[in-house]
Amino acid sequence: MAWTKSEMAARAAQELQDGYYVNLGIGLPTAVANFVPADKEIWLHSENGMLGIGPFPLAVEVDADIINAGKETVTMIPGASIMSSDESFAMVRGGKLDLSILGALQVSENGDLANWMIPGKKVKGMGGAMDLVAGVRRVIVLMEHVVRKANGEWELKILKQCTLPLTGTRVINRIITDLGVLDIDSQGLRVVELAPGISREEIQAKTGPRLFW
Amino acid sequence: MRKLYPSAQAALDGLVHDGQLLAAGGFGLCGIPEALIDALVDSGVRNLTVISNNAGVDGFGLGKLLETGQIRKMISSYVGENKEFERQVLSGEIELEFTPQGTLAEKLRAGGAGIPAFYTMTGVGTVVAQNKEVREFDGQAYLMERSLVPDVSLVKAWKSDRAGNLVFRRSARNFNPAVAMAGKTTVAEVELLVEIGELDPDEIHLPGIYVHRVVVNSSPEKRIERRTVTELSGE
C-alpha cells in the first residue's frame, strides 16, 4: 500500500533533527509539524517573520497579529522570536535554516523544482518559494508521486525536465512521495526507500527518468 | 517637529498624486494600514504603481483600491487571495510584476539604505532572471536586482511616540520596517500614541527618522484571513 498523507507527513518528520531550524511549506508540508516527537527541539520558521511557530490557538487565544505564512492564525512557542520580512529572508538567503520542506507540481531528475505557476490557469505568485529553495541548505519535496486523474490514469510529476515555469534549478536534495523516498545525487534519482507493498516496477512506471537503486 | 496628523485623510493631503510609486506594509491582511488605504481610496488618485507583498482580498485592504481601478500596476510576491485582481490581471487591465518575497523585502530595505542594487541567488534559472545581469561570485551564480524607492510608503505599527519612533506587534511587523525605510515620505498608522520618552530606546523597532507623518487609528478591524483554531477535546 502506498503511504497515506499522514504517513507521508510522518515519514517527512523523520528528517527533522534535534535543534533544527525548519521552514514548512503550505499544505501537506505544514502537517509535518504534527509528527515531530516532543523530545526534539525544533524551531519552525515562518517567512512573514517568526521563528518558533506553535500550534493553532484556542478560540479564546486567537490574535489577528499572529499568523503564519499561510495566513492562518497560530501561536508562538516559548523561545519564539519575531523579525521583519527582510530579516526573515536574510536568514533564508544566508543559509541559516537547516531544512525546507515544500510541495511541488513537477520535479526533474537533476533537482529542478516547479511549484509556483501553471501558465494561463491561475495568477498566484511564487511567494517565498524561490528564496527558500535558493537559500536553504537542504530542500525536501513532499508530494504525491503522480497526478491521479478521475479516469484512473495518471500524469507524471517526476520528469527528465520540468515543463512548467521553474522555482529553482538543481535545488532539491530529496523527494518524499506516497510511493517512497528518492534522493537526487550525481547519478540521478536514487531510490532510498519504498513504501510497503510498492514494487520497483510500479515506482519506475510512475517516474519519468530511470531510477537507480 | 509636527509629525502627528488628525486623520488619515489629513496625513495623505498634498502627498499622494496620480502616477506615483507607492508601497504598503503588511502580509496578507496582517499589519496593513487600513485607515490609510481607505484615505487613499477617498483621495481618488489614479494610475498608481503599488508595491505590496499581497494585494489584499476582495473588498478589504488593497482590494478596495483594485475595485476602484486606481492601481495600474502591482509589484507583489503572492496575490492568490483576490479574485477581482486575478480577473484584472488575466484581462490585461492591470499590470503585475511578480517578485520573490525575499527579493521584494530586500529591494525595499536596500532602497531605504541607499543601496541601488544587490546580488541574490534567488530566481537564478527562472523567469525572474529574464533581462537581469547574472554574475558569478565564488563559483555561484547571482542575479542583480534593483532596489525600490517609493514616492510614498504607508505602514502600520502598534505604537508610536510623537517623534515617529515605531514599535510593531507580533507578526504584524512583516514588511512594515523595510517599507518605512524605503519611502521618500513615510506615513505610519498606529494603534497607540505615547509621549516622547515613554518608549525605552532599546524597545524601538524603527527609529522615527524614517517616519514623516503619523496618524492614530485606535480600532482597526484587523480582519483575519484564515481563522484556524485548536478545538478543546471533550467539547
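A residue is called buried when its relative accessible area is under 20%, and exposed when that area is over 50%. With that cut-off, the buried residues of helix α3(A) are Ser85(A), Asp86(A), Ser88(A), Phe89(A), Met91(A), Val92(A) and Arg93(A). The model is predicted.

**Helix α3 of chain A**

- The helix spans residues 85-93 of chain A and is mostly covered, with 7 of its 9 residues buried.
- Within chain A, the buried residues of α3(A) pack against β2 (43-46), β3 (50-53) and α4 (129-135).
- From chain B, the partners of these buried residues are α5 (101-112), β6 (117-120) and α6 (176-182).
- After α3(A) comes Gly95(A), which has a positive phi near 75°.

**Packing of α3(A) on α5(B)**

- The axes of α3(A) and α5(B) lie 8 Å apart, and the two helices pack at an angle of about 120°.
- Because of this angle, α3(A) is oblique to α5(B).
- The two helices, α3(A) and α5(B), form a left-handed crossing.
- On the side of α3(A), the contact is made by Ser85(A), Asp86(A), Phe89(A) and Arg93(A).
- On the side of α5(B), the contact is made by Gln101(B), Gly102(B), Thr103(B), Ala105(B), Glu106(B) and Arg109(B).
- Sorted by class, the residues in the contact of α3(A) with α5(B) are 2 nonpolar, 4 polar and 4 charged.

- Glu191(B) belongs to strand β11 (residues 185-194) of chain B.
- Glu191(B) counts as buried because its relative accessibility is 13%.
- The side chains of Glu191(B) and Lys222(B) are joined by a polar contact of 3.1 Å.
- Leaving aside residues up to four places away in sequence, Glu191(B) touches Asp65(A) as well as residues of chain B, including Lys156(B), Trp158(B), Asn217(B) and Lys222(B).
- Asn217(B) lies in the segment after β12 (213-216) of chain B.
- With a relative accessible area of 15%, Asn217(B) is likewise buried.
- Apart from residues up to four places away in sequence, Asn217(B) touches Ala35(B), Glu189(B), Val190(B) and Glu191(B).
- Asn217(B) and Gly19(B) are 198 residues apart along the chain, and their C-alpha atoms are separated by 27 Å.

**Positive phi in two asparagines of chain B**

- Asn131(B) is not a glycine, yet its phi is positive, at about 60°.
- The loop between β6 and β7 (134-137) of chain B holds Asn131(B), and this residue is exposed, with a relative accessible area of 84%.
- Asn174(B) also has a positive phi, near 30°.
- The loop between β10 (166-167) and α6 of chain B holds Asn174(B), and this residue counts as buried at 0% relative accessibility.

**Asn115(A)**

- Asn115(A) is placed in the loop between β7 (113-114) and α4 of chain A.
- A polar contact of 2.7 Å joins its side chain to that of Thr167(A).
- The side chain of Asn115(A) also reaches the backbone oxygen of Gly103(A) at 3.1 Å.
- Beyond residues up to four places away in sequence, Asn115(A) touches Leu102(A), Gly103(A), Ala104(A), Leu105(A), Ala129(A) and Thr167(A).
- The C-alpha atoms of Asn115(A) and Gln204(A) are separated by 22 Å, and the two residues are 89 residues apart along the chain.

How values were computed. Residues are numbered from 1 along each chain as its sequence is written. Chains are lettered from A and ligands numbered from 1 in the order in which they are written. This is a predicted model: local features need pLDDT of at least 70, side-chain atom pairs count only at pLDDT 80 or more; totals for chains, interfaces and linings use all residues. Side-chain values use heavy atoms; hydrogens and water are left out. Buried means under 20% relative accessible area, exposed over 50%, partly exposed in between (1.4 Å probe, protein chains only). Helices (H or I, at least four residues) and strands (E, at least two) are DSSP runs, numbered from the N terminus. Contact means heavy atoms within 4.5 Å. Axes are lines fitted to C-alpha atoms, for helices over the stretch in contact, and angles run from 0 to 180 degrees between N-to-C directions. Angles under 35 degrees count as roughly parallel, over 145 as roughly antiparallel, 65 to 115 as roughly perpendicular and the rest as oblique. A crossing is left-handed if the near helix is turned anticlockwise from the far one by less than a right angle, and right-handed if clockwise. Ala, Val, Leu, Ile, Met, Phe, Trp, Tyr, Cys and Pro count as nonpolar, Asp, Glu, Lys and Arg as charged, and the others, Gly among them, as polar. A polar contact is a pair of N or O atoms within 3.5 Å; within protein, one must be able to donate a hydrogen and the other to accept it, and residues adjacent in sequence count only if both atoms are side-chain atoms.
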